[in-house]
Amino acid sequence: MAKRIDGKAIAEKVKAEVAKEVAALRERGIQTMLAVILVGEDPASQVYVRNKKRACEALGILSEEILLPADTTQETLLSCVQTLNDRADVNGILCQLPLPRHLDETAVINAISPEKDVDAFHPQNVGGILIGNGRFLPCTPAGVIRLLDESGIEIAGKRCVVIGRSNIVGKPLSMLLLRRDGTVTICHSKTQNLPEICRTADILVAAVGRPRFVTADFVKPGAVVIDVGVNRPADGPLCGDVDFAAVEPIAGAITPVPGGVGPMTIAMLMQNTLTAAKLQNGLSV
Ligand code: NAP
């Protein structure tokens, strides 16, 4: 039976470390501050924004929500980003995605100052991840690496298979695993013989967005299985991309959903906000 990787406990540890450093900065007269822009009233996005605000409060990070109506124009949104870029008291900026369809997400991401881009979506920060000198690491991929590290799972020399090649999870996570000397294979919807490739993995990551997609025949006995998926199927409770009940008896270690990767994403956002505050105050990170 696999060891369960407790993302909730590890996230609490990361947040406690961040809170300590935020308090130390405050003693030196430096406040840490995150601004979150939410356009429209998508219920899932509202929950994510509320959770980010709560995490900030718990860690002593100031936060500001900028709530804009669903019919906000591109011009207004870009001008809001520019105002936050210019404000010295704002360390981190994020715009909750997805945006309403009439808005250009790429233009908004590109408009956020790279020094305040705590989601690490700006092309300059994405380039930094690729060449290995990123100032911010994207939250979910960085959370996965931290989960592996905290669980004592070696990445160097291991065969890593990542299912999914999105810009926010699959691609950057593959780069981070490569940077840590994993031998990385990236799979996607056009990959042939997917279960066979997955069975070669010592570390298998599922970032697909399909409930219980990874079944027992994808998993080599003893492999580490990281489930990034968050799915809300109509016929049941929230679940991941991995068929947990079928895979747990085979894997060596596994992350549950909920309570695995999810809590790490928000913890790493807090960490990036702290990093932003340090960088903007000329401190080393
Ligand atoms: P995405 O942008 O939809 O990307 C999904 C990826 O899966 C794509 O690369 C796609 O391939 C691939 N794929 C789809 N069907 C496949 C198939 N049958 N076989 C192999 N590959 C397939 O999703 P995402 O944003 O990366 O998110 C993935 C999951 O993680 C979602 O459930 C999301 O909710 C969750 N998520 C969780 C967190 C967290 O904090 N826990 C954060 C972000 C995302 P193509 O490129 O060929 O289309």
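Two strands are said to pair if DSSP finds at least two bridges between them. In this predicted model, Ala35 has Glu64 in strand S3 as its bridge partner, and Leu38 is partnered in S3 by Leu67. These two residue pairs belong to the contact between strand S2, residues 33-39, and S3, which pair in the parallel sense over seven bridges. In general, the strands of a sheet pair through backbone hydrogen bonds, and they do so either parallel or antiparallel.

The sheet as a whole is an open one, built from three strands in the order S3-S2-S4, with parallel pairing. Strand S3 (62-68) and strand S4 (92-95) are its edge strands, and each of them pairs on one side only. If the direction of the strands is ignored, neighbouring strands of this sheet are turned by 15° against each other on average.

Helix H2, which spans residues 43-59, lies across S2, S3 and S4 and runs at about 170° to S2. Helix H3 (residues 74-86) also packs on the sheet, where it touches S2, S3 and S4, and its direction makes about 175° with that of S2.

How much of strand S2 is buried? The strand is mostly covered, as seven of its seven residues are buried. Met33, Ala35, Ile37 and Val39 point one way from S2, while Leu34, Val36 and Leu38 point the other way, and all of these residues are buried.

A probe the size of a water molecule, rolled over the atoms, shows where empty space is left. The structure holds two cavities of 30 Å³ or more. The largest cavity contains about 70 Å³ of space, and its lining includes Ile93, Leu94 and Cys95 as well as Val108, Ile109 and Phe121. S4 gives the most to this lining, with three residues, and both S4 and helix H4 (105-111) supply at least two residues each. By class, the lining of the largest cavity divides into eight nonpolar, no polar and two charged residues.

The second largest cavity has a volume of about 40 Å³. Among the residues that line this cavity are Leu34, Val36, Lys52, Lys53 and Glu64, and the elements that give two or more residues to the lining are S2, H2 and S3. The largest share, four residues, comes from H2. The lining of the second largest cavity has four nonpolar, one polar and four charged residues.

## The second largest pocket

About 250 Å³ of space lies in the second largest pocket. Its lining includes Gly134, Arg135, Phe136 and Leu137, together with Met268, Gln271, Asn272 and Lys278. Which helix provides the largest share of this lining? Helix H10, residues 261-280, provides that share with six residues. The residues that line the second largest pocket divide into six nonpolar, four polar and two charged.

Arg159 has its place in strand S5, residues 159-163. Partly exposed means between the limits of under 20% for buried and over 50% for exposed, so Arg159, with a relative accessible area of 40%, counts as partly exposed. When residues up to four places away in sequence are not counted, Arg159 touches Thr183, Thr185, Thr200, Ala201, Asp202 and Ile203. The C-alpha atoms of Arg159 and Cys198 are separated by 9.7 Å, and these two residues are 39 residues apart along the chain.

## Backbone details in the loops

Most residues other than glycine have a negative phi, and most peptide bonds are trans. A cis peptide bond, with omega of about 0°, joins Leu97 and Pro98, and Pro98 has its place in the loop between S4 and H4. The peptide bond from Val257 to Pro258 is cis as well, with omega near 0°, and Pro258 is found in the loop between strand S9 (253-254) and H10.

Ala120 has a positive phi, near 60°, although it is a residue other than glycine. This residue is found in the loop between H4 and helix H5 (123-131). Is Ala120 buried or exposed? Ala120 is buried, because its relative accessible area is 2%. Asp181 also has a positive phi, near 70°, and is found in the loop between helix H7 (170-179) and strand S6 (183-187). Asp181 is exposed, because its relative accessible area is 52%.

Notes. Residues numbered from 1 in each chain as written. Predicted model: local features only at pLDDT ≥ 70, side-chain atom pairs only at ≥ 80, totals over all residues. Heavy atoms only, no water. Axes fitted to C-alpha atoms, helices over the stretch in contact; angles between N-to-C directions. Contact = heavy atoms within 4.5 Å. 1 Å grid on protein atoms, 1.4 Å probe; cavity = no way out; pocket = protein on both sides within 12 Å on 5 of 7 lines; lining within 4 Å. Points joined across faces, edges and corners; volume = space filled by probe spheres on them. Nonpolar A, V, L, I, M, F, W, Y, C, P; charged D, E, K, R; others polar. Buried < 20%, exposed > 50% of the residue type's maximum accessible area, 1.4 Å probe, protein only.
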